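I should like to take you through one structure, beginning with the overall layout and ending with a few selected residues.

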Amino acid sequence: MRPDFLRVLLLSSACVLSACPAPAPSGPDAGTPPADAGTGSTGEVAPSSRDNLRFNNPEQLTAHFASALSLPPEQVCNELGQYSCATYAHPVALGGVDPYGMGLYEPLKTTGATTPNVVDRMALAACTRRVLLDLATPGEAVLFKGLELDAQGRLANREGAPVRDAITSLYQRALLRDPTEAEVGTLSRLATQLESMGGQTPGRDWMTASCFAVLSSAESIFF
């Protein structure tokens, strides 16, 4: 055995036996929070200084929408009633792959021009499904419980507790937080705007639009 190789071997063995400390990394530690992380003097959580949003892939997006609206994943969105929007019809636009159809084995590095349309399509389909189920079986409603509609199909009481409860439940399910007063007010006023458009079902349209606004928000589709 060569002498220089023997010295290296003996030195390595000595380090292992004596638990030599590992050298400190030269680059920044991505797992260490910045100095300004944590809570401020008021107890509120400080905004993150490390913006690193990740777009939900097709499976994640489907699972998120399904969980938020208590829908089976296969009922979230289907083109022509049978082709999954996320995993069959539009996987590439949502950051997925298509090895058999397009020969695409790795996801694209950036989202495409049609990605927002596909996300909106999925959110609208899922919300429409949830609203129809809640209206068909009020006793088993998940989101829109106890909402009364008048003879014109409008919300009977836009300022009532059922409307606020529906908005709160929507935010808790989709964004895992309570809505702010401003957010509650915005969605409550949306009912008036929809009624002014002269639709035949303004109350139902408000339920769908409110659900869609929250489910398709950046806070919902990124993590």
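How many helices and how many strands are there in the chain? The chain contains eight helices and two strands. Please bear in mind throughout that this is a predicted model. Reading from the N terminus, the order of elements is α-α-β-β-α-α-α-α-α-α.

Let me turn to some totals. The chain has 223 residues, and 31% of them count as buried. Its exposed surface comes to about 14300 Å², of which 58% is supplied by carbon and sulfur atoms. As for the contacts in the chain with a separation of 6 or more, 60% are between residues 24 or more positions apart.

I now come to helix α5, which covers residues 161-175.

Which residues of α5 are buried? They are V163, A166, I167, T168, S169, L170, Y171, A174 and L175. The partners against which these buried residues pack are α2 (58-69), α6, α7 (202-215) and α8 (218-221). Just after the helix, L176 adopts a positive phi of about 60°.

Helix α6, one of those partners, spans residues 181-195 and includes S188. Is S188 buried or exposed? Its relative accessibility is 10%, and because the cut-off for a buried residue is under 20%, S188 counts as buried. Setting aside neighbours within four places in sequence, S188 is in contact with R158, V163 and I167. Two of these names have already come up: V163 and I167 are among the buried residues of α5.

My last topic is the aromatic residues. The structure holds three aromatic pairs. In one of them, Y83 and Y88, the ring centres are 5.1 Å apart and the planes lie at 20°; the pair is therefore stacked, given that planes under 30 degrees apart count as such. How exposed are the two residues of this pair? Y83 has a relative accessible area of 31% and is therefore partly exposed. Y88, at 57%, is exposed, as the cut-off for that class is over 50%.

That concludes my presentation, and I thank you for your attention.

Definitions and conventions. Residues are numbered from 1 along each chain as its sequence is written. This is a predicted model: local features need pLDDT of at least 70, side-chain atom pairs count only at pLDDT 80 or more; totals for chains, interfaces and linings use all residues. Side-chain values use heavy atoms; hydrogens and water are left out. Helices (H or I, at least four residues) and strands (E, at least two) are DSSP runs, numbered from the N terminus. Buried means under 20% relative accessible area, exposed over 50%, partly exposed in between (1.4 Å probe, protein chains only). Contact means heavy atoms within 4.5 Å. Accessible areas come from the Shrake-Rupley method with a 1.4 Å probe; for residues, only the protein chains shown count as cover. The expected span of a helix is 1.5 Å times one less than its number of residues. Rings of Phe, Tyr and Trp (its six-membered ring) pair if their centres lie within 6.5 Å; planes under 30 degrees apart count as stacked, over 60 as edge-to-face and the rest as tilted.
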